[in-house]
Number of protein chains: 2
Amino acid sequence: MAESTPEAGRSSGVTAQQAAVPVPGAAGSGPISHAIFRLARLHRMYAGQLLRRIGLHPGQELVMMHLWELGAQRQIDLVRLMDSDAATMTRTVRRLEQAGFVRRRPSPTDKRASLIEPTAASHALRREVEQVWSQLEDISTAGLSDGERADALAALERLEHNLVQAAAQPEEPRAER
Amino acid sequence: MAESTPEAGRSSGVTAQQAAVPVPGAAGSGPISHAIFRLARLHRMYAGQLLRRIGLHPGQELVMMHLWELGAQRQIDLVRLMDSDAATMTRTVRRLEQAGFVRRRPSPTDKRASLIEPTAASHALRREVEQVWSQLEDISTAGLSDGERADALAALERLEHNLVQAAAQPEEPRAER
DNA sequence: GTGTTTTACTTGCTCAGACAGGCAATGGCG
DNA sequence: CGCCATTGCCTGTCTGAGCAAGTAAAACAC
């Protein structure tokens, strides 16, 4: 009785089969929501695998990309760019610093802030990170025509827009609207 | 110089503005991938907020939904259903047990395994969890026609399918096959 | 000047998630 | 029967992430 999925084999690394049908009945109540959940899970998992190969943890690559692109930034700037958390950024920067990818420099104008800048050693990573991103994009959009990609992107952004809107209005403030 | 986003305001709770434009240049290299990332982030954040109100952490609701629907399950079954991790499941079940939502019962046939079953107290949660899911679905798909929802769902599943496929074949092993 | 508020950052807690290691029960095979 | 690989579960460790609280500097008051 308990054995429902006879093919459920490997449990580590890249499990593919189950990810396709994780929640049997719950999918009925919220198909889109659930699809977002599954897609996010897979995407995150895949990105994590690719990033680990180059010595980064998920999230760290975003910090590095911003730094490479914009140059030295304060932590609060990184927080706002990534819509992250100040506490998380403190620790992420510290780990990137320990890994030798970033360096801290006191801000010349603000003693509270420190400027985070990428080290020379980190530049070797840049290519690899960009490769990971393009690889992830290729995998995700494999077999899609340009039109289909545009449609998919539009759909994703539409959903995102809805959530952003909802986040802006915590609870429908008025019945009419 | 460091002040690039003048409107960047609140930093706690539901930040909406930045989420719409988090990665300026990186979005160019991987628009779909990045849209998935942003959507996942928002969706996760919103689900987390709704779940916290009913006393659950993200992920716990999935365990409970499976238990409500399928009845007592071994941990390994839950792991496979959710495509989760055995270690994570150990701790999640322990916390749900401490919260009084599940109970452990030794398996009659396998001394290694224990059966996890929802408590009577947990049934009160079921409605709330289902409400959270439908609320999340409503928010995500607000203003979408039936056709648009179907399109969005298809797009999400198409992307998911691609990632599942890619996960099944770690690195293109052979050109033919 | 002094006082208050805001800002930048840090630390503490708790959670999920991934990985590695380990332990005990299971089940197959000679 | 006994050996041995597998299975189910647990612990330790590391990561991101969220929330709460605290510190120090800055900015803005008066």
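Why is α3(B) largely enclosed by the rest of the structure? Six of its eight residues are buried, so the rest of the structure largely encloses this helix. This is a predicted model. Chains A and B are the protein part, and both have residues around DNA strand C and around DNA strand D.

**The enclosed helix, α3(B)**

- The buried residues of α3(B) are B:Q75, B:D77, B:L78, B:V79, B:L81 and B:M82.
- Part of the cover comes from chain A: its helix α1 is among the elements over these buried residues.
- After α3(B) comes B:D83. The phi angle of B:D83 is positive, near 55°.
- B:Q75 also faces the DNA: an N or O atom in its side chain is 2.9 Å from a phosphate oxygen of DNA strand D.

**Chain A in outline**

- Chain A holds six helices and three strands.
- Read from the N terminus, its elements follow the order α-α-β-α-α-β-β-α-α.
- Chain A has 177 residues, and 47% of them count as buried.
- Take the contacts in chain A between residues at least 6 apart in sequence: 48% of them join residues at least 24 apart.

**The sheet of chain A**

- Three strands of chain A form an open sheet in the order β1-β3-β2. Their pairing is antiparallel.
- The edges are β1 (73–74) and β2 (102–106) of chain A, and each of these strands pairs on one side only.
- Strands of a sheet pair through backbone hydrogen bonds, either parallel or antiparallel.
- Five bridges link β2(A) with β3 (residues 114–118) of chain A, in the antiparallel sense.
- Across this pair, A:R103 stands opposite A:E117 in β3(A).
- Helix α2 (residues 60–70) of chain A packs on the sheet and touches β1, β2 and β3 of chain A. The direction of this helix makes about 90° with that of β3(A).
- Helix α4(A) packs on the sheet too, touching β2 and β3 of chain A. Its direction makes about 115° with that of β2(A).

**The sheet of chain B**

- Chain B has an open sheet of three strands, ordered β1-β3-β2, with antiparallel pairing.
- Its edge strands are β1 (73–74) and β2 (102–106) of chain B, each pairing on one side only.
- β2(B) runs antiparallel to β3 (residues 114–118) of chain B, and five bridges join the two.
- One of the bridge partners is B:L115 in β3(B), which pairs with B:R105.
- Helix α2 (residues 60–70) of chain B lies across β1, β2 and β3 of chain B. This helix runs at about 90° to β3(B).

**Around DNA strand C**

- DNA strand C is surrounded by 26 residues. The closest are A:I76, A:R91, A:R104, A:R112 and B:R95.
- Of the atoms of DNA strand C that come within 4 Å of the protein, sugar and phosphate account for 72%.
- A polar backbone atom of A:I76 is 2.6 Å from a phosphate oxygen of DNA strand C.
- A side-chain N or O atom of A:R91 is 2.5 Å from a base oxygen of DNA strand C.
- The surface near DNA strand C has six nonpolar, seven polar and 13 charged residues.

**Around DNA strand D**

- There are 26 residues around DNA strand D, and A:R95, B:I76, B:R91, B:R104 and B:R112 come nearest.
- Sugar or phosphate makes up 70% of the atoms of DNA strand D within 4 Å of the protein, and bases make up the rest.
- A side-chain N or O atom of B:R91 is 2.4 Å from a base oxygen of DNA strand D.
- B:S114 uses its backbone: an N or O atom there lies 3.2 Å from a phosphate oxygen of DNA strand D.
- Two or more residues of this surface come from each of α4 of chain A and α1 (31–53), α3 (75–82) and α4 of chain B.
- The most comes from α4(A), which gives five residues to the surface near DNA strand D.
- That surface divides into five nonpolar, seven polar and 14 charged residues.

Notes: Residues are numbered from 1 along each chain as its sequence is written. Chains are lettered from A and ligands numbered from 1 in the order in which they are written. This is a predicted model: local features need pLDDT of at least 70, side-chain atom pairs count only at pLDDT 80 or more; totals for chains, interfaces and linings use all residues. Side-chain values use heavy atoms; hydrogens and water are left out. Two strands pair if DSSP finds at least two bridges between them. Helices (H or I, at least four residues) and strands (E, at least two) are DSSP runs, numbered from the N terminus. Contact means heavy atoms within 4.5 Å. Axes are lines fitted to C-alpha atoms, for helices over the stretch in contact, and angles run from 0 to 180 degrees between N-to-C directions. A residue is near a molecule or strand if one of its heavy atoms lies within 4 Å of it. A polar contact is a pair of N or O atoms within 3.5 Å; within protein, one must be able to donate a hydrogen and the other to accept it, and residues adjacent in sequence count only if both atoms are side-chain atoms. Ala, Val, Leu, Ile, Met, Phe, Trp, Tyr, Cys and Pro count as nonpolar, Asp, Glu, Lys and Arg as charged, and the others, Gly among them, as polar. Buried means under 20% relative accessible area, exposed over 50%, partly exposed in between (1.4 Å probe, protein chains only).
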